[in-house]
Amino acid sequence: MHTKTIAQISADLAAGTYTSEEITRHYLDRIKEHDTTLNSFVTVDAEGAILAAKAADAQRAAGEAGPMTGVPIAQKDIFCTKGLKTSSGSKMLDNFISPYDAHLISNFKKAGTVMLGKTNMDEFAMGSSNETSFYGPVKNPWNTDYVPGGSSGGSAACVAARLAPGSTGTDTGGSIRQPASLCGITGLKPTYGRVSRYGMIAFASSLDQAGPMAQTAEDCAMMLNVMAGHDERDSTSIDREVPDYTATLNDSIAGLRIGLPKEFFTKDLNPEMKAVIDAAIKKYEKLGATVHEISLPNVHLSIPAYYIVAPAECSSNLSRFDGVRYGFRCENPTDLTDLYKRSRGEGFGSEVKRRIMIGAYALSAGYYDAFYLKAQQIRRLIRDDFVKAYETVDVIMSPTSPTTAFKIGERSEDPIAMYLSDMFTIATNLAGLPGMSIPAGTLNDLPVGLQIIGNYFEEARLLNVAHQVQQATDWHTQSPSAYK
Amino acid sequence: MSIDIEKVANLARLTLSEEDKANYPTQLNNILELANQMQSVDTTDITPLAHPIEATQPLRVDAVTEENQRDLFQSIAPSTESGLYLVPQVINRAKTKETEKE
């Protein structure tokens, strides 16, 4: 039952093959059985899930079920859930019970979707391995000595191990796509502003975007149908019509023009990784797509610009954690400054503090022009490179990550090595473009992800392109043997 | 370029562990060195990109849209009294002046 996709579960529930309560209990049992090893959940809400499942079954009996009604999924612990702990992977929010629901949480509730629990993540979404979580690292289900990627590592691992058929993630520099790649699942970061950030704990506000993670592109389309849309409570949310993302999945991709940026396919790219990606792209050519070399001349500046923009916005956003209104407060503060400093010093982990420090420095008097302003200028150059590229191609492809999953502990002492895990994904966030990662085979028994980047608001095209190849291949159906 | 760790930690209102104090100087300078690769490109006359979609901020009517939920919000605060958030005393103490001089 747990190997089924969201689309299959939706059809089974409609046909009455089983009830939402039955499938929800089945997933809860699997979580109980496997998650002590994987650590992919911070909170499992068994009681709430069963109540929601019963309500969904009643809704169906009343003839009011939609496609996602009764489907159990997991939510990243970055989304506020009313009455339930929302930690963002941090000691700072270990005691935080959210007084309200995030926009997408309310959307899923309205759709009748069941929430199994909240998934583990890098602290405040800052990390590429899930090792910065206050709740300990998540293990990669393909090999538990390895990281699942991050920051949406719990979301990726629970779908890969089939502890949930789908989950939500957030992506500021690759945090949906890189873990999707390292765990062998499908993940989509929509265009900036497509999904409301209301109630999503902020990391870098001009980059953050929520998206779906599941086995297939079709499942991501079903989830995005629930998630996308304008919300006036997020001033950067885009007021633009939301298409039915499932409607165009079966369109032909004959004539699709695929751009391969020469800056991503250099001699530095691991030849074995390149061979897997080349073979995946061949499948698209077989379906009638054509391949063209393109250039993104400023893309090498993505990581330098990102590690100013993101920390600067993080230092500003995380200034709200003051030990006064909610969250962690230190013991016996001697005065107000001591209260601020020790609550923040003890409540945040090392990586979060590292980024706050970089941001505070970059924004401090005398440095603004050299760092933040310069980074925003570079950002325009990177964006313009993409705009130009999309004059001649429809989508851009590359590996999602330069390597497959790495060992737990391998990069945790070296921040720069960790940051380079996102070298292919960060430019998409700086430009605000939609991007996907889909399974493209394995290398030494670990999954490889293919990244597909689309033009603004072309999520439907990305999902169509991914779906067509998933109809012709079986990489997305492969799952780790221990969790069959 | 070298970053004054103590000064920045104070600006950011953070105490640092001994381990972080030992590691941060090298780590933060390495990150800034990485960021400095940006200086290799001439960006004269390039308008900074603040919003990726270049959308303008929407305006709304200046009317109350949120209801008062003070009690709910204060139910998760570390310390409150009579609807107020409690913090250590900040006035009438000589010590406070020293703190503010930092």
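Predicted model: local features only at pLDDT ≥ 70, side-chain atom pairs only at ≥ 80, totals over all residues.

Me: What makes the pair A:Lys353 and B:Asp20 a salt bridge?

Reply: The side chains of A:Lys353 and B:Asp20 meet at 3.8 Å, N to O, and the cut-off asks for a side-chain nitrogen of Lys or Arg within 4 Å of a carboxyl oxygen of Asp or Glu. The pair therefore qualifies, since 3.8 Å is within 4 Å. In general, side chains of opposite charge can pair when their charged atoms come close.

Me: Which elements of chain B supply at least two residues each to the side that touches chain A?

Reply: They are helix H1 (5-11), helix H2 (18-35), helix H3 (70-74) and helix H4 (94-101) of chain B, and the largest share, nine residues, comes from H2(B). By class, the residues of that side of chain B divide into 35 nonpolar, 15 polar and six charged.

Me: How many residues are in contact across this interface, and how much area is buried?

Reply: In chain B, 56 residues are in contact with 64 residues of chain A, and the two chains bury about 5,500 Å² between them, 68% of it on carbon and sulfur atoms. On the side of chain B, the residues that lose the most area to chain A are B:Met38, B:Leu49 and B:Ile76, together 13% of what that side buries. The rule also finds 17 residue pairs in polar contact across the interface, with both residues at pLDDT 80 or more.

Me: What makes H9(A) roughly perpendicular to H11(A)?

Reply: Helix H9 (residues 302-317) and helix H11 (residues 350-363) of chain A have axes that come within 7 Å and cross at roughly 95°, so that the range of 65 to 115 degrees again applies and H9(A) is roughly perpendicular to H11(A). Among the residues that make the contact are A:Tyr307 and A:Pro311 of H9(A), and A:Arg355 and A:Leu363 of H11(A). The classes here are ten nonpolar, two polar and one charged.

Me: Why does the pair A:Arg197 and A:Asp234 tie together parts that are apart in sequence?

Reply: Their side chains meet in a salt bridge at 3.4 Å, N to O, which is within the 4 Å cut-off. A:Arg197 lies in the loop between strand S5 (186-189) and strand S6 (210-214) of chain A, and A:Asp234 in the loop between H7 and strand S7 (257-261) of chain A, so the pair joins parts 37 residues apart in sequence. Over all chains the structure holds 20 salt bridges.

Me: Which peptide bond is cis, and where is A:Ser151 found?

Reply: The bond from A:Gly150 to A:Ser151 is cis, with omega near 10°, and A:Ser151 is found in the loop between strand S3 (114-119) and helix H5 (153-160) of chain A. A:Phe124 is also placed in the loop between S3 and H5 of chain A, and A:Phe124 has a positive phi of about 50° although it is not a glycine.

Conventions
Residues numbered from 1 in each chain as written. Chains lettered and ligands numbered in written order. Heavy atoms only, no water. Contact = heavy atoms within 4.5 Å. Buried area = accessible area lost by both parts, 1.4 Å probe. Polar contact = N/O pair within 3.5 Å; in protein donor to acceptor, adjacent residues only side chain to side chain. Helix = DSSP H or I, 4+ residues; strand = E, 2+ residues; numbered from the N terminus. Nonpolar A, V, L, I, M, F, W, Y, C, P; charged D, E, K, R; others polar. Axes fitted to C-alpha atoms, helices over the stretch in contact; angles between N-to-C directions. Parallel < 35°, antiparallel > 145°, perpendicular 65-115°, else oblique.
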